[in-house]
Amino acid sequence: MVTEPHDHICWGGGKPHHAHHQLELRGVTAGYAAEPALQDISFTTECGSTLALIGPNGAGKSTLLNALAGLLPVWNGDILWNHAPLAEQRNEIAYLPQRNEVNWQFPITVRQLVEMGRYPALGIWRAMRPHDNEIVDKALCALDLQDLQNRQIGALSGGQQQRCFLARALAQEAHILLLDEPFTGLDVPGTEALSALLRALAAEGRLIIASHHDLATASRIFDRALLLRRKLIAAGTVSDVLTQENLKQAFDRA
């Protein structure tokens, strides 16, 4: 498998892209009802990165993920992917919700969940083709789920459940992976395994953006960070962002 930075692995397209793909936010404001939860956010990041969204409860982390995923309208500003509106390129994005938001008792197998990643490419009423089945097979193998593919999703461990949703994202061939508190509820081995997996996906050229609450582990998992408190406090490398001064501004009186 190709692991050079900025080389996107598009299993269905033959050759990987060799492009400097960029996500840019310009003055983004979004919220709920009449109350803005996120104000005037501007930053730029690139594929091949792991980006942590950090801040106190109510800082706007989930709001930003929802805006990027198209689940929440943007009131003002622009979100651009490769200099074009991200809203016009939704197939480029995969959103992985918090585990507590998923009905794990739903009667669906691991393979059926991963197959859902192919639905945008299939369109309405189109059956899986050999090409789509091959992509699903590769996604299952990449996440070491091939031996679990016929198991109901609720019968998995927390780490295995996270891998299922990542496999669905790979099957979708998404370039931007949005994760909402993916490490919540995982034990130490599960956290380490998921950390290594996210870094490997970024090394293949994907952009990983995840909300994260554990300041002690942020630098081991992510290479870049956004520190939020409704407005952007700092953006850059994790060490540059998580300074005592910045953290005081974000968390004091939170």
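Colleague: How many bridges pair strand 5 with strand 10, and in which sense?

Modeller: Strand 5 (residues 50–54) pairs with strand 10 over four bridges, in the parallel sense. Pairing here needs at least two DSSP bridges between the strands, and strands are DSSP runs of E with at least two residues, helices runs of H or I with at least four, both numbered from the N terminus. This is a predicted model, so local features need pLDDT of at least 70, side-chain atom pairs count only at pLDDT 80 or more, and totals for chains, interfaces and linings use all residues. Residues are numbered from 1 along each chain as its sequence is written.

Colleague: Which residue in strand 10 is the bridge partner of L53?

Modeller: S211 is. Strand 9 (residues 176–179) also runs parallel to strand 10, joined by four bridges, and there L177 has I208 as its bridge partner. From strand 9 the chain passes through helix 6 to strand 10, a right-handed β-α-β crossover (clockwise from the first strand over the helix to the second, with the strands pointing away from the viewer).

Colleague: Is strand 10 mostly covered or open?

Modeller: Mostly covered: five of its five residues, 207–211, are buried, meaning under 20% relative accessible area with a 1.4 Å probe, protein chains only. L207, I209 and S211 sit on one side, I208 and A210 on the other.

How values were computed:
Side-chain values use heavy atoms; hydrogens and water are left out. Buried means under 20% relative accessible area, exposed over 50%, partly exposed in between (1.4 Å probe, protein chains only).
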